[in-house]
Amino acid sequence: MACYADGRRDKASWDQFRSAPVPLRLAESVLRSGEPMAADQDSSLLAGWWAECFQIASALAVPLGRSPHLAGVLTLDSTRLRPFSEDVRRLASAAGAHLGGVIEQARTSEARAASLSTAHAVRQLLVDGARATGIGEAAEVVARVVQGLAGTERSAVYLLDNGGRLADVRFIDWPRAHEDVVRARLLGQDVSDVPLWRRTAEERQPLFIADTATSDLLPPRLAEETALASYVSIPLLSGERLLGLVVTGSGGRPREWSPALRQAVHQVVLEGALVVQNAELRAVEQLRLQQLAIEAHVDPLTGLANRRRFLEALETAVRDQPDRACAVLMIDLDRFKEINDSFGHSVGDDLLRLVGPRLGATTAPGELLARMGGDEFAVLLPDADACRAREVAQAINTALRDPFVLDGMPLHVDASVGIALCPEHGRDRSVLLARADAAMYVAKRSRDGHQVWTPDGTSDSRDRLQILEELRNALDTDQLLLHYQPKLDLRSGRVTGVEALVRWDHPDRGMLGPDVFLGLAEQAGLMRRLALCVLERSLRDLRCWRAAGHDLSTAVNLSMSNLQDVALPDQVAMLLEVTGVPAGALTLEITEDVLMADTARSHQVLSGLRALGVRLSIDDYGTGYSSLAYLRALPVHELKLDRSFVTHLTTDPRAAAIVRSTVRLGQELGTTIVAEGIEDAGTLATLRQWGCDVAQGYHIARPLPAGEFLDWLAARSALIPVDRLPG
C-alpha cells in the first residue's frame, strides 16, 4: 500500500493499514482486470478483516493509469452501504487514469534524477580519483562520494595490512574524540573478529544498516561510543582484491535508503574498484620514477651525489643565480692507484666507501659533496669566498689524516684539492671545473694539499686549459689524424689487420701523441665525440683498403666513458652500415681497468657490441684486476698481452712464464692472443714458437699515416713463407 487517508490520518490507523495481514481482494481484482469494480461488505472481495477493522460497508476501486501499464489502484470506501452511480464511477475512473499518469511521470522524473545523481557521483569519483595516488588517497575519494550520495555526516576508511590487521584509519568529518575511540579499540586488531568484516569479505557488496541498535555487525559499545545510529558499509576493492572497508554513517535517528540510492552506491563500488586499482598503479609508478631519479643522481658505490647531480647543481648556481658567489673544490686521492694495484679493486671500493663519510663531515648543510668518478670527488660551496673554500680544503686534508682500517690493515690516503671561485675565475660551469681541476693538479705536484687557481699560475695549469679549448676546436676542424700500426699473423705471415692510433696535428705545436690530450678529453667529456671520430675515419680507410683487395681488419681503443655510453652499440651499427664494413672486421679494445668502472653498464654495452658481431679485445692484458674473472664473466675474442711482459720476454724468466701460460690459456679458450711491443727478432721468434697468434710492434712496423700504410704494405711480398718470418 502506497498511501492512506481518512481525513484524520491518525498514526494508529496508519500503522494498522500498513501491517494488514491479508490483501484487499478488491484491489487485486482491479489490478488483474484493469477495470473499475465496486463491492459491498457481504462480497468476497471485501468481507473479512478489511471490512471489520475499517468499518467498510461499500467500496469502489479503479485502476491508476491505463492497462497494461498500471501504477496501482485507487479505492474509495464508505462506512454505510451505498451504490456508486455511473457518474461517480466515470469520475473515479477519470481521476484514476489522470493520477496514474501523474504517478508515472513522477516515477520517470525520480528515475531520471536518480540516474543523473549517480552519473554525477561517478563523474566526481573518476575526476577526483584520477588525481589520487596510492590506496589511501583513492579510498578517501570513494568515501567522500558515497557520503555525498547517502547524505551521511561522516566517513571512515579502514585499511588492512597483509596480515589481515587494521593498519590505518582515515577519517572524514569525524569528531576528534570519536577518532580516538576507533584508534584505541581497532588499530592493530585482527578484523576477522569483526562480523561486519566477515560478512563484507563473504558478500563483497554494500551493506545498508538502518539501525545499529538492531544490528549485530558492529559491537554495540563501539556504535554507542561513536554515536553511530545508522551507516552504509562498502567493500574497498582494487580489482578483485579486498583491501578494507569504507563506512559512512550518521548519528541521531535510524534512517532508510531508497532502492535508487542503493543502486547508485553499488555502481560507485564497481567504479571505485577501478579508481583504487589505478591509484595503486600510479603509486607504484611514482615510486619507480622516484627511485630512478634517485639512482640518476646518486653514486651507487658511496651513496653520495654523482657527477650528474653535481653538474646540475653547479649549473644552477652559476647560471640561474648570477649574483650569487660560490666555490668549486676538486678532490683527488693521492696514492689511491697504488692501493688498487696492490690490494685489488674490492679493497679500493671499500676505501672509497669509508672516504665519503669523512669528506661529508667537512661540509655544512646546503653544501654539496659528490663523487665525480674513480677516486675523484667535488664539493660545491654556495655563497663561499676563498677563505671558506680554503677552510673546507684544510678540513678535508685533516679528515683524511688518520688511517683507514680495512680487514685489520691500516691504509693511509691523502688528497689534493683544487679550488675555483665564482665569479672571480669565471661563470661558466666547464671553465670552473677545468680551473679547479688544474689547481688540483698543481696541488698534487707541489704536495701542498690544496691550491686556489690563479690566472697567472704555473705554465702547466695554463697549458692544460689552453689544450682543452684547442682540443674542442680540433674536433670541429679535423685536426685529428689516424696512424695505423700493422698486426702480423704469425702462422700465415700475412698482415691481417691494423690498430688505429689517434694523433693531433696541432697548428702550432706540431704532431701530438695521445698522452698529451686523451686524459683531458676524458675529463672534459669529449671522449664520445673523439671515439666516434676515430671509429668513422678508421672504418672509411678500411673500406678503401678492402675495396682495393686487401682483406684487413682494424682495431680501435675505447675509453672508460665510451664503455658507459649505452648508445654506443647503435652508433657503431650505424657506422658499419654506412661504410659497408662487416662487423667481424672491427675489433674494439678495452682495458681491464675500464671494465671496473661500472661492471653492469660495461657488460650491457659490450653485450650490445657482441650482438653486432664486432670482435672484443682485452688490451694490456695482465695488468688489471681479476683477469680470469673477466674471462669467465665476459667472453672476449682476443687477449692483447701488455708490452711490459712482451718486452722482457727473452731476459726475464718470470715474464716468459706469464706470456707462455697466457698463450696456452688462449689456445684452451679458443681466444686469439696478440702480443704488442715486439722490439726484436728474438722476441718474435719465441712467440711464433709458442704458438702466439698475432704480433705488433716497432720490429714489424711503426704506426703509419693512412697514405703511407698502403705503400708499406705494397713493399712487402703478398705472402711471406712461414720459414721466412722476421727473426
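What you're looking at is a predicted model, where local features need pLDDT of at least 70 and side-chain atom pairs count only at pLDDT 80 or more, while totals for chains, interfaces and linings use all residues. Residues are numbered from 1 along each chain as its sequence is written, and side-chain values use heavy atoms, leaving out hydrogens and water.

**The helix pair**
- The axes of α11 (residues 336-343) and α12 (residues 345-360) cross at roughly 140° and come within 7 Å of each other.
- On the α11 side, the contact (heavy atoms within 4.5 Å) uses Phe336, Ile339, Asn340 and Phe343.
- On the α12 side, the contact residues are His345, Val347, Gly348, Leu351 and Leu352.
- Axes here are lines fitted to C-alpha atoms, for helices over the stretch in contact, with angles from 0 to 180 degrees between N-to-C directions.
- Helices (H or I, at least four residues) and strands (E, at least two) are DSSP runs, numbered from the N terminus.

**The sheet**
- An open, mixed sheet is built from 5 strands in the order β10-β11-β9-β14-β15; two strands pair if DSSP finds at least two bridges between them.
- At the edges are β10 (368-373) and β15 (450-452), each pairing on one side only.
- On average, neighbouring strands of this sheet are turned by 20° against each other, direction ignored.
- Strands β9 (residues 326-334) and β14 (residues 414-422) run antiparallel and are joined by 9 bridges.
- Leu329 has Ile419 of β14 standing opposite.
- Helix α10 (residues 307-320) lies across β9, β10, β11 (376-382) and β14, at about 130° to β10.

**Cysteines**
- How many disulfides (cysteine sulfur pairs within 2.5 Å) does the structure hold? The count is 0.
- Cys544 is in no disulfide, and its nearest cysteine sulfur, that of Cys533, is 16 Å away.
- Cys544 counts as partly exposed because its relative accessibility is 47%; buried means under 20%, exposed over 50%, and partly exposed in between (1.4 Å probe, protein chains only).

**Confidence**
- The protein averages a pLDDT (the predictor's confidence in each residue, from 0 to 100) of 85, and 92% of the residues score at least 70.
- Residues 456-461 have pLDDT below 50, with 8 contacts beyond near neighbours in sequence.
- Residues 718-727 stay under 50 too, with 17 contacts beyond four places in sequence.

Key
A disulfide is a pair of cysteine sulfur atoms within 2.5 Å.
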